[in-house]
Amino acid sequence: MAKSMTKVKILIPIFEDFSCISILYRKLKKILSSYNLSFLVIDDGSYNELEIKRELELNPDLEFLTLSQNLGHQRSIAIGLCHLSDSSDFDFVLIMDGDGEDNPMDAAKLLNYFTENAPNKILFARRDVRSEPTLFKIGYFFYRLIFRILTGKNIKFGNFSVVPKKMLGRLIGVPELWNHYASSILYAKIPILEISTERSGRIHGRPKMNLNSLLLHGFSSIATFYETLLLRLFILFSLILVITFSGNCFLTFKFNQNFIETINPGIFFVISFLSWLNVGLLLLFKLSLRATRPCIPKTFWHHFINKK
């Protein structure tokens with residue numbers, strides 16, 4: 001497909017960063033000039049910079065979808081994808097943040113790959129080089145390590161991605177999409193590809209996310225794999241239970257120790273047993289919920305749109 005014939009819908013979730021949008025728009029129009037671009041900006045319940053937003057709304061290339069409340073970037077993306085599923089005037093959806101940290105040059109790299117290869121997969125920008133401070137990089141390393149241990153999956157990408165139109169229907173049918181975009185795709189086993197990119201800095205202003213927001217974002221990605229997490233914890237506590245029980249038996253019968261001498265290992269055994277029991281019951285409860293009807297974003301997303 002020729003680039004000039006390729007219709008790309010750029011989905012950008014935003015919260016009070018409209019000054020960044022105007023700069024990002026000009027950069028994308030220049031760098032991606034060979035593509036037929038249109039923009040869908042999800043206003044995540046902003047209260048500030050509304051004067052800039054009203055000016056931007058005069059641009060026919062920019063469509064704004066205003067949410068009735070602040071839901072966060074992940075749910076904003078889910079709502080944007082559901083909204084686009086009713087449209088037919090695009091070939092790909094390019095999802096990127098509105099603060100400029102997703103480099104427009106990398107957006108061209110992603111779209112060029114799709115134009116040349118046309119894969120039936122979702123293409124993610126893998127963040128091999130990051131621009132954040134060292135402390136953030138250390139935290140991100142441990143986040144990926146914990147994610148790997150608890151879920152069995154590797155994650156080195158965020159929202160920056162390209163979704164082919166034919167994959168959109170499948171994606172908005174994933175219940176976990178409402179919780180975390182990238183993690184839900186891994187959970188649903190939707191085929192993906194990754195391309196190496198460099199994360200840029202903000203083009204204007206200061207970051208809106210604080211430590212609490214970052215932690216909640218990380219926990220949300222892990223919570224998507226709730227069943228896997230509980231199963232792994234159940235296996236872990238089962239092993240601890242077997243080891244502590246065997247240790248108690250060994251101390252009692254091999255060395256003929258009395259009750260007082262084995263009380264500390266015994267307490268550890270009881271704690272392990274109660275942890276094992278609690279995790280097992282939680283796992284059974286979670287599995288029982290499979291019989292209930294899941295909450296799929298495409299069935300309720302429109303309730304969060306601000307009706308003017």
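Buried here means under 20% relative accessible area, exposed means over 50%, and partly exposed lies in between, with a 1.4 Å probe and protein chains only. The model you have open is predicted, so to speak of local features a pLDDT of at least 70 is needed, side-chain atom pairs count only at pLDDT 80 or more, and totals for chains, interfaces and linings use all residues. Residues are numbered from 1 along each chain as its sequence is written, and side-chain values use heavy atoms, with hydrogens and water left out.

**Stop 1: helix α3**

Select residues 73-84, which form helix α3. Helices (H or I, at least four residues) and strands (E, at least two) are DSSP runs, numbered from the N terminus. The expected span of a helix is 1.5 Å times one less than its number of residues.

Now colour the helix by burial. Nine of its 12 residues are buried, so α3 is largely enclosed by the rest of the structure. Among them are Q74, S76, I77 and L84.

Stay in α3 and pick C82. Is C82 buried or exposed? C82 counts as buried, at 0% relative accessibility. Next, draw a C-alpha to C-alpha distance from C82 to K298: they are 5.5 Å apart in space but 216 residues apart in sequence.

**Stop 2: a nonpolar patch**

Select I138, F141, F142, L145, I146 and I149, which make a nonpolar surface patch of about 570 Å². Patches are made of residues with over 30% relative accessible area and no salt bridge, joining like charges within 9 Å and nonpolar side chains (Val, Leu, Ile, Met, Phe, Trp, Tyr) within 5 Å. A salt bridge is a side-chain nitrogen of Lys or Arg within 4 Å of a carboxyl oxygen of Asp or Glu.

**Stop 3: a positive patch**

Which residues form the positive surface patch? Select R148, K153, K189 and R232. K153 sits in the loop between α5 (134-151) and β6 (157-164) and is partly exposed at 30%. K189, in the loop between α7 (181-187) and β7 (192-198), is exposed at 66%.

**Stop 4: two backbone angles**

Most residues other than glycine have a negative phi. K189 is not a glycine, yet its phi is positive, about 60 degrees. Finish at E49, where phi is also positive, near 60 degrees. E49 is in the loop between β2 (36-43) and α2 (50-56) and is partly exposed, at 25%.

Key:
Areas by Shrake-Rupley, 256 points an atom, 1.4 Å probe, with all protein chains shown as cover. Lys, Arg positive; Asp, Glu negative; His and termini not counted. Charge placed at Lys NZ, Arg CZ, Asp CG, Glu CD.
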